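Subject: Structure handed over, with notes on what was found

Dear colleague,

Please keep the sequence and the 3D view open as you read.

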There are 4 protein chains.
Amino acid sequence: MSKLEVAMLGHVALEVPDLEGSIKFWRDIVGLIETDRRGNEVYLRGWGEFEHHSMVLIQGKEARLHHVGWKARSAEDLDKFATYLRGQGVTVDEVPAGTELGQGEAIRFFVPTSGHPMEIYWDMERPLAPEEIRSLLKSQSAQARLRGVSPRRIDHVNLWCGQTSPDDTIAWMSEHLGFKVREYIQLPDLKLGAWMSVTPLVHDVAFMFDPATRGARLHHIGYWIDTPQDILHALGHFAEHGIRADLGPGMHGITQAFYSYIRDPSSGHLLEIFSGGYLIFDPAWEPIKWEAQELERGLFWYGDSMDPTTEPEHPFARTTGARTE
Amino acid sequence: MSKLEVAMLGHVALEVPDLEGSIKFWRDIVGLIETDRRGNEVYLRGWGEFEHHSMVLIQGKEARLHHVGWKARSAEDLDKFATYLRGQGVTVDEVPAGTELGQGEAIRFFVPTSGHPMEIYWDMERPLAPEEIRSLLKSQSAQARLRGVSPRRIDHVNLWCGQTSPDDTIAWMSEHLGFKVREYIQLPDLKLGAWMSVTPLVHDVAFMFDPATRGARLHHIGYWIDTPQDILHALGHFAEHGIRADLGPGMHGITQAFYSYIRDPSSGHLLEIFSGGYLIFDPAWEPIKWEAQELERGLFWYGDSMDPTTEPEHPFARTTGARTE
Amino acid sequence: MSKLEVAMLGHVALEVPDLEGSIKFWRDIVGLIETDRRGNEVYLRGWGEFEHHSMVLIQGKEARLHHVGWKARSAEDLDKFATYLRGQGVTVDEVPAGTELGQGEAIRFFVPTSGHPMEIYWDMERPLAPEEIRSLLKSQSAQARLRGVSPRRIDHVNLWCGQTSPDDTIAWMSEHLGFKVREYIQLPDLKLGAWMSVTPLVHDVAFMFDPATRGARLHHIGYWIDTPQDILHALGHFAEHGIRADLGPGMHGITQAFYSYIRDPSSGHLLEIFSGGYLIFDPAWEPIKWEAQELERGLFWYGDSMDPTTEPEHPFARTTGARTE
Amino acid sequence: MSKLEVAMLGHVALEVPDLEGSIKFWRDIVGLIETDRRGNEVYLRGWGEFEHHSMVLIQGKEARLHHVGWKARSAEDLDKFATYLRGQGVTVDEVPAGTELGQGEAIRFFVPTSGHPMEIYWDMERPLAPEEIRSLLKSQSAQARLRGVSPRRIDHVNLWCGQTSPDDTIAWMSEHLGFKVREYIQLPDLKLGAWMSVTPLVHDVAFMFDPATRGARLHHIGYWIDTPQDILHALGHFAEHGIRADLGPGMHGITQAFYSYIRDPSSGHLLEIFSGGYLIFDPAWEPIKWEAQELERGLFWYGDSMDPTTEPEHPFARTTGARTE
């Protein structure tokens, strides 16, 4: 059997304690487009996305990650993943079509090493945008920049592994889902984290050590913004709503992201608005290693800096909760 | 055997009638970095590239395309391509390591339907940039924007097929090299062209009908510029050198490229400086079809327009010569 | 008496044949903010403006310029202008406060040499923006970029003088209203036009020769957009509404404007969205002269070009109607 | 006598302890253009400037401000200023032509209230740029963006007044040199500072309270960069030279500046690279007042924040030395 690989990051499903508050942030201020709604679930996507949703907001008791949805490369691969993962001793739940609006049959499981909740799906509806916002450009579903920050598409998720090395998880994602390590931080006695992708994006997902908590967490969700200039405008837009960024604007050396991090005031879930970056097409790419003495440059090429007094354990310690068993 | 696919566009080798004149354009004004030189060959790359070269300039009798170099996915694949293509009746030349500086063994052949000269390689040196221009960012070889327009990396090639439909060539590239059609123009009686990729880029290569000439040609080489703002600055830089763009700045509807086209005054080879665009990660992507009545929007979302008086046959008729037998 | 000078361009009043159509363009698509309305008059301003309006749309029989409103440097200066201009033989109409909503007493007159209708005012209300769009930034009245192209403020007007040299008008504006020539085009037998200002802007107003018509006209109104990148986004926004620019995007050599010209489809009035430019603080500035052989560079540093076949008389011949007696 | 007003900020003369080190920063990394040199003085300007220099670097014992050069509105005004200031009891030094290379006769004096060294000049040479870097655009002296950060022109100076209120100095600059207050910070018991201009720029000069030192200081020199995107690129360029910004990138609410602050490693003199901002044309402009509870928004609209633990006395406490008696 040729090695299985997922195709792309499709969506993130988030539980939030105050659904209306989170809708206000993600739809009205950030400007994601609501595509559907069922009971206590709201479905959103960016103007560049054709699939039914890249984000699901679910009314829950507290803020946590419900799951990360990965698209398989084919319907067959979806079946193969179910079989393969069970063969690896993973408990795989089959969720019927419609469990998530717009989505066909899927499988869900937890990464055995870290506990992060994952989903693999294949079939997804591609609803047209309402006519009044539909784009005349055939390669995007809706008009760009109609409201708020207006991200084009989901870009990546950043997941934290608690107080143990993310090494096992990085290895597991690589061996079983096909992710390649693109860049990583190696401290003398700890792999601090790795940026991994199945696409030419420098990362679809990152896994990081988390000095502050025990369990698995979602750190942030990255959405793509077309240019750094648009990110600057976005920060002005957030400021008009009294929202200050946790970090940024700045540029990470690792990933070359031009970034800023903004927290949904209602749930605490963290958004990275992300532009720039670079693409990796070369199959011979060797993972880039960053060591302790070059860490500030790797994390903050410009725009922020490491603060030894407030960040004794981790230079990047801003987190949100994720689903645990 | 699983289907063979090339991995990425690696480089373009161009014959030029006045090597010094072309060096002045591509290195001194455009700002590509010279990495090597041997006799009448000069090797260049962008600051974001690690491979030995993305462009070779070769002193020749006239401006023509020497070959387009595609990287295989592995050393094994390179061998398989040689066997497979011969099995398809294609004449395949094996070129020894060092035929092109920095490059290992490779194969060369002509696309049977169009006659465009192609190369597939695997092994390529990754020389460090000279220390004085080397980047502290580990994900790029040299400092960005040190001179001229300063492209980051090669993006795509646009190839013209002469006065017959590019249909056969599009099909051949798809069937034998693994390219997927991302967008295409279908006129009532003619497929005007298609944009194809093996990567998530909306195109690594395009093939177009050419009303003006018989044989295969290179239309242009696309290099990536990080932002549209940088392309605008680039046009000011060209203006200071008395060089006016053939087209642009503008945005293509097809590919969403923010573009401008500038001709090497010495050779006539055409450069597209390219930013924006969009990425296709979805394996279920259906090629986007553009028809006659929406052609202006597809070609020129903004910035240029179709002129029925001067463009009777082709809205995009600016070409340069390519290698023929 | 120290020489009189107006202080700044305040607003433009435009007659339009289809008020609703023009509101749709200027308010809903361009994104100017409606501040007031009375009968067949609608008042608009940009988000960076505090005065009551920078544009008035007036239902009329046809598209024409009603007047250009210049702010005096003081209430005293307004009186002095009335006296002074009458002393120059100019017919000066005094219009009572409230003739234009938000505006105090003003004077109106026609430039004697060209016939362009001008107004000088001093007193103008500064209404707060509605709370839901008011900015937390105290130096602008409303939040930026809430809708459409979203210009910050009016920048300049470009006025055409018909088939005679604008020389007399340029001299009159200079001698009587205090404008300084910043750049001009001198053809062998004709001053093609001049860019003039009382502020450090390279122009508040330009006067141009017009080969195509007899009378005075408004050529276009310039509104300021913060960055060239925003102008590019604006062109995509217009494209979604099926509106193509008449010219641009590009950069004028003269004024260093990064520009595009878009026509109100309903009235034909022409908008220049304008960014870049440069500022002139030096009182010793000498007007820059552009001659025939450098005209293309002066008009189109990049982005457009002069076409000798379609522009035999004037490289810039796109005009809209203005008020005549 | 009509009230005297200076016309514009012309240049800043800085003493530096290591001339070669400072040349490396300001010329080679920042990218100002060296126009002249005499003994231990080096003269620099931006590519958009026509006057002989906007910065003089002078070998000195330590980093301090030698003087700020203001251009008069006319030769007559220069004479009038000498007489007028003496009439106010100010000691005025007349410096002969050539004291500063390129400059005619000038006067120098200290602001009586703060001690900041000022110069007023009228006559200044306007040397052509060397042909190889001269611009084809007639409204700038040299080609843009040839090297480094490449500022267009000087924008403003920010001066600190020591541990007493800057109130007297603000009043003195207003009454005697013609500056208008555009924005200011009023704390319950202290005017923290004011931004003032004689031009439509929101400030040509700012005066601030300085909790940390007794005497007058130069805080920073602002140079104009065309777009925020260029400032971001600049920060990458500084990073390649191992230079991290003291502050930014971010946007000040006050002035609407998109900024970053970078220190000459050799002298400690501080550069603000500055874009954005807004222009004030209205003679009826009322100074904008910011109070304690809105200070963070005024200082850091986005990008930085006030830190009560490290900035107990002043949110902006980064200073360099200035000339005292």
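Predicted model: local features only at pLDDT ≥ 70, side-chain atom pairs only at ≥ 80, totals over all residues.

In the loop of chain A between strand E8 (117-121) and strand E9 (153-160) sits A:Ser150, whose phi is near 60°, a positive value in a residue other than glycine. A:Ser150 has a relative accessible area of 6% and, because buried means under 20%, it counts as buried. In chain D, the loop between E8 and strand E9 (153-160) holds D:Arg145, which is not a glycine either and has a positive phi of about 60°; D:Arg145 is partly exposed, at 33% relative accessibility.

There are also cis peptide bonds to look at. One runs from A:Gly248 to A:Pro249, with omega near 10°, and A:Pro249 belongs to strand E14 (residues 247-251) of chain A. Another joins C:Gly248 and C:Pro249, with omega of about 5°, and C:Pro249 is part of strand E14 (residues 247-251) of chain C.

**A strand of chain D and its partners**

Strand E7 (residues 106-110) of chain D has four of its five residues buried, so it is largely enclosed by the rest of the structure. On one pairing, E7(D) runs antiparallel to strand E6 (residues 93-95) of chain D, with three bridges joining them, and D:Val95 has D:Ala106 as its bridge partner. E7(D) and E8(D) make up a hairpin with six residues between them, and D:Gly115 in the turn has a positive phi of about 90°.

**Chain B against chain A**

How many residues of chain B are in contact with chain A? The contact involves 39 residues of chain B and 39 residues of chain A, and the two chains bury about 3100 Å² between them, with 66% of it on carbon and sulfur atoms. B:Leu137, B:Lys138 and B:Phe281 supply 21% of the area that chain B buries against chain A, more than any other three residues. Six salt bridges are found across this interface, including one between the side chains of B:Asp282 and A:Lys71, at 2.9 Å from N to O. The side of chain B that touches chain A takes its largest share, three residues, from strand E17 (residues 288-291) of chain B, and its residues divide into 20 nonpolar, seven polar and twelve charged.

**Chain B against chain C**

Here 19 residues from chain B meet 19 residues from chain C, and the area buried between the two chains is about 1500 Å², of which carbon and sulfur atoms give 58%. B:Arg244, B:Trp301 and B:Tyr302 supply 40% of the area that chain B buries against chain C, more than any other three residues. Two salt bridges cross this interface; among them is the one between B:Arg244 and C:Glu296, whose closest N and O atoms are 3.8 Å apart. Helix H4 (228-240), strand E14 (247-251) and helix H5 (295-299) of chain B each supply at least two residues of the side that touches chain C, and H4(B) gives the most, with seven residues.

With best wishes

Terms used: Residues numbered from 1 in each chain as written. Chains lettered and ligands numbered in written order. Heavy atoms only, no water. Buried < 20%, exposed > 50% of the residue type's maximum accessible area, 1.4 Å probe, protein only. Pairing = 2+ DSSP bridges. Contact = heavy atoms within 4.5 Å. Buried area = accessible area lost by both parts, 1.4 Å probe. Salt bridge = Lys/Arg side-chain N within 4 Å of Asp/Glu carboxyl O. Nonpolar A, V, L, I, M, F, W, Y, C, P; charged D, E, K, R; others polar.
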